[in-house]
Amino acid sequence: MSKGCTSQIQEKVGSSSRSTRTGAPLKLPSPSWPIPELRFSPLGADITLVVLHQDRLTHCTLHPEEASLLRGNVATKRWNDFVLGRAAARLALIGAGVRNPSPVLQGSGREPVWPQKIVGSITHCGPWAIAAVANNESVEAVGIDLEDAQDVPHEEIAGMVCSDSEREWVFASGDNQLKLAMIFSAKEAIYKALYPLCKKFFDFHAVELTWFPQSNQFRGILLVDLGSKWPKGYRFKVGCQKRATFVFAHAIVTKRALVSEDAQGFSAT
Ligand SMILES: CC(C)(COP(=O)(O)OP(=O)(O)OC[C@H]1O[C@@H](n2cnc3c(N)ncnc32)[C@H](O)[C@@H]1OP(=O)(O)O)[C@@H](O)C(=O)NCCC(=O)NCCS
(Lines give C-alpha, C1' and ligand atoms only; values in the text may rest on other atoms or scores of the structure.)
Protein backbone atom coordinates (compact mmCIF):
# COMPACT_ATOMS: atom_id res chain seq x y z
CA MET A 1 0.00 0.00 0.00
CA SER A 2 1.46 3.31 -0.92
CA LYS A 3 1.64 6.36 1.28
CA GLY A 4 -1.35 8.64 1.05
CA CYS A 5 -3.65 6.23 -0.70
CA THR A 6 -6.95 5.20 0.80
CA SER A 7 -7.04 1.47 1.42
CA GLN A 8 -9.16 -1.19 2.99
CA ILE A 9 -8.20 -4.66 4.04
CA GLN A 10 -11.03 -7.04 4.63
CA GLU A 11 -10.11 -10.62 5.26
CA LYS A 12 -11.58 -13.63 6.98
CA VAL A 13 -9.74 -16.75 8.10
CA GLY A 14 -8.92 -18.76 11.22
CA SER A 15 -10.66 -18.87 14.59
CA SER A 16 -12.37 -16.39 16.89
CA SER A 17 -10.85 -17.55 20.19
CA ARG A 18 -9.04 -15.21 22.58
CA SER A 19 -5.69 -14.11 21.22
CA THR A 20 -2.98 -14.10 23.89
CA ARG A 21 0.20 -13.43 21.97
CA THR A 22 2.23 -10.31 22.55
CA GLY A 23 5.45 -8.95 21.18
CA ALA A 24 5.91 -10.77 17.90
CA PRO A 25 5.52 -8.74 14.73
CA LEU A 26 2.09 -8.66 13.18
CA LYS A 27 2.03 -11.23 10.41
CA LEU A 28 -1.14 -11.43 8.42
CA PRO A 29 -1.30 -13.60 5.33
CA SER A 30 -1.40 -11.61 2.14
CA PRO A 31 -4.84 -10.08 1.64
CA SER A 32 -6.09 -12.68 -0.77
CA TRP A 33 -9.51 -13.18 0.84
CA PRO A 34 -11.29 -9.90 0.32
CA ILE A 35 -14.67 -10.23 1.98
CA PRO A 36 -17.15 -7.76 0.53
CA GLU A 37 -19.20 -7.82 3.73
CA LEU A 38 -18.12 -4.51 5.09
CA ARG A 39 -16.51 -2.27 2.49
CA PHE A 40 -16.69 1.47 2.87
CA SER A 41 -16.26 4.23 0.33
CA PRO A 42 -12.98 6.12 0.55
CA LEU A 43 -13.00 8.77 3.23
CA GLY A 44 -10.57 11.04 1.42
CA ALA A 45 -7.31 10.87 -0.44
CA ASP A 46 -5.21 11.16 2.71
CA ILE A 47 -6.97 8.66 4.95
CA THR A 48 -5.86 5.04 5.27
CA LEU A 49 -8.68 2.80 6.44
CA VAL A 50 -8.29 -0.82 7.59
CA VAL A 51 -11.21 -3.10 8.40
CA LEU A 52 -10.51 -6.41 10.19
CA HIS A 53 -12.84 -9.27 11.05
CA GLN A 54 -12.31 -11.20 14.29
CA ASP A 55 -11.69 -14.36 12.34
CA ARG A 56 -8.23 -12.87 11.78
CA LEU A 57 -7.51 -12.76 15.52
CA THR A 58 -5.11 -15.68 15.53
CA HIS A 59 -2.83 -13.68 13.23
CA CYS A 60 -2.84 -10.59 15.44
CA THR A 61 -0.36 -9.69 18.14
CA LEU A 62 0.05 -6.85 20.63
CA HIS A 63 3.12 -4.87 21.58
CA PRO A 64 3.87 -5.63 25.27
CA GLU A 65 3.24 -1.94 26.07
CA GLU A 66 -0.15 -2.17 24.41
CA ALA A 67 -0.95 -5.35 26.36
CA SER A 68 -0.06 -3.59 29.60
CA LEU A 69 -2.88 -1.09 28.94
CA LEU A 70 -5.36 -3.89 29.60
CA ARG A 71 -4.83 -4.28 33.31
CA GLY A 72 -6.67 -6.71 35.56
CA ASN A 73 -9.06 -9.44 34.61
CA VAL A 74 -10.29 -8.21 31.26
CA ALA A 75 -13.30 -9.91 29.64
CA THR A 76 -12.47 -11.99 26.58
CA LYS A 77 -14.65 -9.79 24.35
CA ARG A 78 -12.78 -6.64 25.42
CA TRP A 79 -9.40 -8.33 25.02
CA ASN A 80 -10.25 -9.52 21.51
CA ASP A 81 -11.68 -6.12 20.50
CA PHE A 82 -8.55 -4.40 21.75
CA VAL A 83 -6.19 -6.82 19.97
CA LEU A 84 -8.10 -6.54 16.70
CA GLY A 85 -8.30 -2.74 16.97
CA ARG A 86 -4.56 -2.43 17.60
CA ALA A 87 -3.85 -4.82 14.69
CA ALA A 88 -6.02 -2.68 12.42
CA ALA A 89 -4.19 0.40 13.69
CA ARG A 90 -0.80 -1.11 12.97
CA LEU A 91 -1.83 -2.14 9.44
CA ALA A 92 -3.24 1.33 8.83
CA LEU A 93 0.01 2.92 9.99
CA ILE A 94 1.99 0.67 7.64
CA GLY A 95 -0.46 1.55 4.87
CA ALA A 96 0.15 5.23 5.58
CA GLY A 97 3.88 4.71 5.13
CA VAL A 98 5.03 4.34 8.76
CA ARG A 99 7.84 1.79 9.01
CA ASN A 100 7.90 -0.45 12.10
CA PRO A 101 5.11 1.43 13.85
CA SER A 102 5.59 2.07 17.55
CA PRO A 103 2.85 0.86 19.93
CA VAL A 104 -0.40 2.80 19.91
CA LEU A 105 -0.77 3.71 23.59
CA GLN A 106 -3.52 5.58 25.44
CA GLY A 107 -4.03 9.15 26.65
CA SER A 108 -5.70 10.19 29.88
CA GLY A 109 -9.13 10.24 28.19
CA ARG A 110 -8.55 6.71 26.80
CA GLU A 111 -7.87 8.16 23.34
CA PRO A 112 -5.31 6.33 21.20
CA VAL A 113 -1.90 8.01 21.10
CA TRP A 114 -0.39 7.76 17.64
CA PRO A 115 3.21 7.96 16.44
CA GLN A 116 4.54 11.45 15.69
CA LYS A 117 2.98 13.21 12.70
CA ILE A 118 0.05 10.76 12.60
CA VAL A 119 -3.55 11.18 13.69
CA GLY A 120 -6.19 8.47 13.73
CA SER A 121 -9.10 6.70 15.30
CA ILE A 122 -10.25 3.17 16.21
CA THR A 123 -13.69 1.58 16.51
CA HIS A 124 -14.95 -1.92 17.25
CA CYS A 125 -18.42 -3.35 16.80
CA GLY A 126 -19.58 -6.97 16.70
CA PRO A 127 -16.89 -9.01 14.96
CA TRP A 128 -15.27 -5.97 13.33
CA ALA A 129 -12.53 -3.49 14.16
CA ILE A 130 -11.67 -0.49 12.01
CA ALA A 131 -8.76 1.93 12.19
CA ALA A 132 -8.30 5.12 10.19
CA VAL A 133 -5.06 7.10 10.13
CA ALA A 134 -3.71 10.14 8.32
CA ASN A 135 -0.60 12.26 8.18
CA ASN A 136 -1.01 15.36 10.32
CA GLU A 137 0.29 17.62 7.56
CA SER A 138 -3.13 17.63 5.92
CA VAL A 139 -5.47 16.27 8.54
CA GLU A 140 -5.73 17.53 12.10
CA ALA A 141 -7.95 14.82 13.54
CA VAL A 142 -10.02 11.80 12.55
CA GLY A 143 -12.93 10.22 14.41
CA ILE A 144 -14.63 7.02 13.27
CA ASP A 145 -17.43 4.96 14.76
CA LEU A 146 -19.15 1.72 13.77
CA GLU A 147 -22.54 0.69 15.18
CA ASP A 148 -24.89 -2.19 14.42
CA ALA A 149 -28.30 -0.54 14.09
CA GLN A 150 -29.92 -3.79 15.25
CA ASP A 151 -28.25 -3.39 18.65
CA VAL A 152 -29.34 0.20 19.27
CA PRO A 153 -32.24 0.24 21.75
CA HIS A 154 -33.93 3.24 20.19
CA GLU A 155 -36.63 4.00 22.74
CA GLU A 156 -34.17 3.95 25.63
CA ILE A 157 -31.38 6.09 24.21
CA ALA A 158 -33.27 8.61 22.08
CA GLY A 159 -33.67 11.06 24.99
CA MET A 160 -30.02 10.81 25.96
CA VAL A 161 -28.69 11.18 22.42
CA CYS A 162 -31.06 13.47 20.49
CA SER A 163 -32.12 17.09 20.50
CA ASP A 164 -35.81 17.82 19.83
CA SER A 165 -35.22 18.36 16.10
CA GLU A 166 -33.11 15.18 15.82
CA ARG A 167 -35.88 13.18 17.55
CA GLU A 168 -38.38 14.61 15.07
CA TRP A 169 -36.23 13.36 12.18
CA VAL A 170 -35.64 9.95 13.81
CA PHE A 171 -39.34 9.26 14.48
CA ALA A 172 -40.87 11.11 11.50
CA SER A 173 -41.20 8.07 9.20
CA GLY A 174 -39.74 4.55 8.93
CA ASP A 175 -36.21 3.38 9.71
CA ASN A 176 -36.33 4.85 13.22
CA GLN A 177 -33.67 2.52 14.59
CA LEU A 178 -31.35 3.08 11.66
CA LYS A 179 -31.66 6.87 11.92
CA LEU A 180 -31.03 6.81 15.65
CA ALA A 181 -27.95 4.64 15.10
CA MET A 182 -26.75 7.19 12.53
CA ILE A 183 -27.12 10.09 14.97
CA PHE A 184 -25.49 8.10 17.77
CA SER A 185 -22.59 6.98 15.61
CA ALA A 186 -22.01 10.44 14.11
CA LYS A 187 -21.85 11.98 17.59
CA GLU A 188 -19.39 9.36 18.82
CA ALA A 189 -17.23 10.00 15.73
CA ILE A 190 -17.31 13.73 16.47
CA TYR A 191 -16.25 13.06 20.05
CA LYS A 192 -13.36 10.86 18.94
CA ALA A 193 -12.16 13.53 16.49
CA LEU A 194 -12.46 16.51 18.82
CA TYR A 195 -11.51 15.06 22.20
CA PRO A 196 -7.80 14.66 21.35
CA LEU A 197 -7.76 18.31 20.22
CA CYS A 198 -9.72 19.96 23.02
CA LYS A 199 -9.21 17.40 25.84
CA LYS A 200 -12.69 18.11 27.11
CA PHE A 201 -15.53 15.68 27.68
CA PHE A 202 -18.76 16.75 25.97
CA ASP A 203 -22.03 14.84 25.91
CA PHE A 204 -24.53 14.11 23.15
CA HIS A 205 -26.36 17.40 23.69
CA ALA A 206 -23.23 19.39 22.85
CA VAL A 207 -23.94 18.95 19.14
CA GLU A 208 -27.02 19.20 16.92
CA LEU A 209 -27.13 17.34 13.59
CA THR A 210 -29.19 17.65 10.41
CA TRP A 211 -29.12 14.92 7.73
CA PHE A 212 -28.39 15.72 4.07
CA PRO A 213 -29.17 12.50 2.13
CA GLN A 214 -27.76 13.76 -1.20
CA SER A 215 -24.26 13.83 0.24
CA ASN A 216 -24.65 11.12 2.92
CA GLN A 217 -23.60 13.67 5.49
CA PHE A 218 -24.82 15.29 8.62
CA ARG A 219 -24.31 19.00 8.98
CA GLY A 220 -23.68 19.82 12.61
CA ILE A 221 -23.36 22.73 14.95
CA LEU A 222 -21.56 22.90 18.28
CA LEU A 223 -23.88 23.99 21.07
CA VAL A 224 -21.09 24.37 23.64
CA ASP A 225 -17.75 26.12 23.68
CA LEU A 226 -14.81 23.71 23.36
CA GLY A 227 -12.11 26.37 23.19
CA SER A 228 -11.06 29.12 20.83
CA LYS A 229 -10.71 26.85 17.78
CA TRP A 230 -14.03 25.13 18.47
CA PRO A 231 -16.40 27.85 19.68
CA LYS A 232 -20.11 27.48 20.27
CA GLY A 233 -21.79 27.86 16.88
CA TYR A 234 -18.99 26.10 14.96
CA ARG A 235 -20.41 24.31 11.91
CA PHE A 236 -19.12 21.05 10.46
CA LYS A 237 -19.96 17.90 8.47
CA VAL A 238 -19.88 14.22 9.40
CA GLY A 239 -20.12 11.43 6.82
CA CYS A 240 -22.28 8.40 7.46
CA GLN A 241 -22.36 5.18 5.41
CA LYS A 242 -24.66 2.17 5.80
CA ARG A 243 -23.57 -1.41 5.03
CA ALA A 244 -25.88 -4.32 5.85
CA THR A 245 -27.14 -3.47 9.34
CA PHE A 246 -24.03 -1.44 10.17
CA VAL A 247 -23.63 2.32 10.29
CA PHE A 248 -20.16 3.83 9.89
CA ALA A 249 -19.63 7.49 10.76
CA HIS A 250 -16.49 9.52 10.07
CA ALA A 251 -15.52 13.01 11.15
CA ILE A 252 -12.37 14.48 9.66
CA VAL A 253 -10.84 17.76 10.78
CA THR A 254 -8.76 19.12 7.93
CA LYS A 255 -5.97 21.68 8.20
CA ARG A 256 -7.56 23.45 5.25
CA ALA A 257 -10.63 24.02 7.37
CA LEU A 258 -8.68 26.01 9.89
CA VAL A 259 -7.42 28.53 7.35
CA SER A 260 -10.62 28.63 5.35
CA GLU A 261 -13.14 31.39 5.82
CA ASP A 262 -15.80 28.77 5.24
CA ALA A 263 -16.76 27.64 8.71
CA GLN A 264 -18.09 24.37 7.30
CA GLY A 265 -14.62 22.98 6.97
CA PHE A 266 -14.81 20.14 9.53
CA SER A 267 -15.38 17.81 6.64
CA ALA A 268 -15.99 14.16 6.04
CA THR A 269 -15.82 13.83 2.30
C1 LIG B 1 -15.26 7.05 23.96
C2 LIG B 1 -16.48 6.56 23.20
C3 LIG B 1 -16.85 7.58 22.12
C4 LIG B 1 -16.13 5.20 22.55
O5 LIG B 1 -17.14 4.74 21.67
P6 LIG B 1 -17.76 3.27 21.77
O7 LIG B 1 -18.86 3.16 20.76
O8 LIG B 1 -18.08 3.00 23.19
O9 LIG B 1 -16.62 2.25 21.38
P10 LIG B 1 -15.81 2.07 20.01
O11 LIG B 1 -15.39 0.67 19.95
O12 LIG B 1 -16.50 2.64 18.83
O13 LIG B 1 -14.53 2.97 20.27
C14 LIG B 1 -13.60 2.62 21.27
C15 LIG B 1 -12.30 3.30 20.91
O16 LIG B 1 -12.47 4.71 20.96
C17 LIG B 1 -11.21 5.28 21.22
N18 LIG B 1 -11.38 6.27 22.27
C19 LIG B 1 -11.71 6.06 23.56
N20 LIG B 1 -11.76 7.24 24.21
C21 LIG B 1 -11.47 8.20 23.30
C22 LIG B 1 -11.36 9.60 23.39
N23 LIG B 1 -11.54 10.27 24.53
N24 LIG B 1 -11.02 10.30 22.27
C25 LIG B 1 -10.81 9.65 21.09
N26 LIG B 1 -10.91 8.29 20.96
C27 LIG B 1 -11.23 7.59 22.07
C28 LIG B 1 -10.27 4.15 21.67
O29 LIG B 1 -9.39 3.87 20.60
C30 LIG B 1 -11.23 3.00 21.90
O31 LIG B 1 -10.70 1.74 21.60
P32 LIG B 1 -9.52 1.11 22.47
O33 LIG B 1 -9.83 1.35 23.91
O34 LIG B 1 -9.52 -0.33 22.09
O35 LIG B 1 -8.28 1.86 22.03
C36 LIG B 1 -17.72 6.36 24.13
O37 LIG B 1 -17.51 5.29 25.00
C38 LIG B 1 -18.03 7.59 24.98
O39 LIG B 1 -17.46 7.80 26.05
N40 LIG B 1 -19.00 8.44 24.54
C41 LIG B 1 -19.45 9.56 25.33
C42 LIG B 1 -18.93 10.85 24.75
C43 LIG B 1 -19.66 11.18 23.48
O44 LIG B 1 -19.79 10.34 22.61
N45 LIG B 1 -20.15 12.41 23.36
C46 LIG B 1 -20.91 12.78 22.19
C47 LIG B 1 -20.47 14.15 21.76
S48 LIG B 1 -21.57 14.85 20.54
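Trainee: Leaving aside its neighbours within four places in sequence, with which residues is Ala186 in contact?
Mentor: This is a predicted model, in which local features need pLDDT of at least 70 and side-chain atom pairs count only at pLDDT 80 or more, while totals for chains, interfaces and linings use all residues. Residues are numbered from 1 along each chain as its sequence is written. Two residues are in contact if their C-beta atoms, placed from the backbone, lie within 7 Å. Apart from neighbours within four places in sequence, the partners of Ala186 are Leu209, Phe218, Val238, Cys240 and Ala249.

Trainee: How many residues has the largest nonpolar core?
Mentor: A nonpolar core is a set of buried Ala, Val, Leu, Ile, Met, Phe, Trp, Tyr and Cys residues joined through C-beta atoms within 7 Å. Buried means that 20 or more other C-beta atoms, placed from the backbone, lie within 10 Å of a residue's own; 12 or fewer is exposed, and in between is partly exposed. Ala186 is among the residues with the most contacts inside the largest core, as are Ala88 and Ile130. That core has 70 residues.

Trainee: Which element gives the most to this core, and between which domains does the core lie?
Mentor: Helices (H or I, at least four residues) and strands (E, at least two) are DSSP runs, numbered from the N terminus. The largest contribution to the core, 11 residues, is from α5. Domain bounds come from an automatic or database domain assignment. Both domains give residues to the core, so it lies between domain 1 (7-137) and domain 2 (146-268).

Trainee: Which element gives the most to the shell around the ligand?
Mentor: The shell holds 22 residues (C-beta atom, placed from the backbone, within 6 Å of the ligand), the closest being Gly109, Glu111, Thr123, Lys187 and Tyr195. Two or more residues come from each of α2 (76-95), β4 (118-125) and α5 (176-198). Domain 1 (7-137) and domain 2 (146-268) each supply at least three. With seven residues, the element that gives the most is α5.

Trainee: Is Ser121 buried or exposed?
Mentor: Ser121 is found in strand β4. Leaving aside neighbours within four places in sequence, its contacts include Ala132, Val142 and Lys192. Because 27 other C-beta atoms lie within 10 Å, Ser121 is buried.

Trainee: What percentage of the residues of the protein chain count as buried?
Mentor: The secondary structure of the chain comes to six helices and 11 strands. Of its 269 residues, the share that counts as buried is 42%.
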